[in-house]
Every structure is written in structure tokens, then in C-alpha cells.
Amino acid sequence: MSPSASRAPVLVDYHVHSTFSEDARSTPEEIVEAALRRGLDAVVFTEHLEFPPPPGWKEPAYVPGRVLPAGEYLSAVAALREARGTELEIGAGAELGLEGHNLEGLDPYLERFRPDFDFVIGSLHSVNGTLVQLPEYTDPHGPAAAARLYLEKLVAGVKKAAAMKACDVIGHIDLFKRSPTFGPFRPDDQRDCLEELFRTIIDAGMGLEVNTSGYRQPPREPYPGLETLRLYRRMGGEIVTIGSDSHTAQTVGLGSAEALDFIRAAGFRYMTLFSGRRPRFVRI
Ligand SMILES: [Zn+2]
Ligand SMILES: [Zn+2]
């Protein structure tokens, strides 16, 4: 077998949004082209999966609009895999919002589509209806309280999602750092909350995402940062994925190579890939 045929995928992007997400601009075809240009071995689409809140829902809640049309989406990815699958691995995933109203709506959807997804990220984007990357969220609370409130809501969402086996990794766990007025995050102040989060993730057999969009946003480091990722590793965390959170083809794969060094620095010797929602480990 030639070295190229036996080469495991190492340069990957496991968090990309296409026009199947309302806030993204590039088509799936444009994303695959960009991934190939950047020399990626694998790209996984992770379209937003959000549900409208039921009547009487008590919080204003983050509602980007429509539920991902899974049938249409999965067919589009399957067609792309058929056309380009010999050039790189192409996965069909989703990014499930961990806001409470999303989890209320999830069960029937999962029943129908569970076997067809390769990978599901669980992510929290808002607290009490406000996006946590905005100064409108972080400023009134101040950094420590803004971080704590987000992490508490995240732990609650992760516990529910774990019970439903709804996701494989948890995404951008310190997204509040993206607020331009947040400043440096001090993980030590949130140690108890982070430990509870990681214990929940590890006990449920889930993993953690290293989201490289932070390199190109105000924190200039991934979500999570090195100290936080080291804590997860020390607690026994083994599953770690790498994704750019691209909403346009221009940023696909950005930071993936740096992220390999970053997770090595945190003590990992393996990165995790998924197909059919089953993990496999690649030495890095
Ligand atoms: Zn997200
Ligand atoms: Zn995303």
C-alpha cells in the first residue's frame, strides 16, 4: 500500500456551516472546493439545528428561524460524497442548540433521522434569549458572572442532551470570550463549573470540540483555551475534535493545523473523527 493510501485523515474541519444554515453564505459544493484547495483530508458539515419554542415558553429564546430540512440536506451531502468522496472524507453533521426549547423539540426529529448523521455538536449560543457573544450579554453581568451564568446553563443543557444521547461533542464551551468587551477569561474562577461540565461530558461518553474560530475573533485563541483544555484532559477527557465554525468557504480549514499543535500541548496524542456517530481515534 502506498503511503498516501494508508494515510489517516489528520487535517480536518469538523465544524462548517453551508447555506443549509440560515446565517451561512457558501453552498456545500463551494465548501468542498475550498476544503480541497486547503488540503484537508476531511470536512464535516454541521448545520444549525434549532427548533421554535413551544407556545408559552418562558424565555424569549434564540430562534434563528427554521428547523434544518434533514431529508434534503442529507441527500445533498450524499450526492457530494458520491461525486467527491474519493478526494476527501465528507460528513453530514449538525450543531444542535442546547437551549431548552430545542431539546423539547428534539425527540421526534431524532427518532426519524438519528442513524443518518455522522456527527452532532451540542452548543449553547444564548442565555435568556441574548446571544452570549454580544456586549449586550457580557457587559451588564461583568466577565465573571457572564461566564458563570453561561456555564451553568450549558451544564443543564448538556445533562439533558446526554440523557437523550443527542450529541457527540460539546462545542465552543467558552463562547462568551467572543464578546469584544469581555477581556481575558480566567478559568480558575469557574473551576467548579468546568469540572461539573467535564465530568458530565466524560461520563456520558461525549467529547469536547476545539473551535478554531477564536483564532480569528477577539480572544485570539480557540474555544476553549489551553488551560481549560488541559483540565479536561487531566480529568480523563479523551475525545477531542477540531472545527473552524466556518460560515463562509473562505475560512474552511483555517486553524486546523495550529489546532493539532494546540491539542498536543494540552496532552492529547489522538484526535477523534466520527462516522455514523461512532468515534475513531487518529494518532497525531
Ligand atoms: Zn455554534
Ligand atoms: Zn457553528
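**Figure 1. Packing of helix 9 in the predicted model.** The buried residues of helix 9 make contacts with strand 1 (12-16), strand 8 (207-211), helix 8 (226-234), strand 9 (240-243) and strand 10 (270-275). The model is a predicted one, in which local features need pLDDT of at least 70 and side-chain atom pairs count only at pLDDT 80 or more, while totals for chains, interfaces and linings use all residues. Residues are numbered from 1 along each chain as its sequence is written, and chains are lettered from A and ligands numbered from 1 in the order in which they are written. Helices (H or I, at least four residues) and strands (E, at least two) are DSSP runs, numbered from the N terminus. Two residues are in contact if their C-beta atoms, placed from the backbone, lie within 7 Å.

Figure 2. In helix 9 (residues 256-265), the buried residues are Ser256, Ala259, Phe262 and Ile263. Viewed down the helix axis, these buried residues fall within an arc of 100°, so they line one face of helix 9; the arc is that of the directions from the helix axis to the C-beta atoms. An α-helix has 3.6 residues a turn, so residues three or four places apart point the same way. Asp261, Arg264 and Ala265 are exposed on the other side of helix 9. A residue is buried if 20 or more other C-beta atoms, placed from the backbone, lie within 10 Å of its own, exposed if 12 or fewer, and partly exposed in between. Gly267, with a positive phi near 110°, follows helix 9.

**Figure 3. Helix 6 against helix 7.** Helix 6 (residues 143-163) packs with helix 7 (residues 191-203) at an angle of about 15°, their axes being 10 Å apart. This makes the two helices roughly parallel, a term for angles under 35 degrees. Axes are lines fitted to C-alpha atoms, for helices over the stretch in contact, and angles run from 0 to 180 degrees between N-to-C directions. The residues of helix 6 that meet helix 7 include Arg148, Leu151, Val155 and Ala162; among their counterparts in helix 7 are Cys193, Leu197 and Ile201.

Figure 4. Arg66 lies in the loop between strand 2 (42-49) and helix 3 (70-84). Arg66 is exposed, because 11 other C-beta atoms lie within 10 Å. From Arg66 to Ala94 the C-alpha to C-alpha distance is 14 Å, and the two residues are 28 residues apart in sequence.

Terms used. Parallel < 35°, antiparallel > 145°, perpendicular 65-115°, else oblique.
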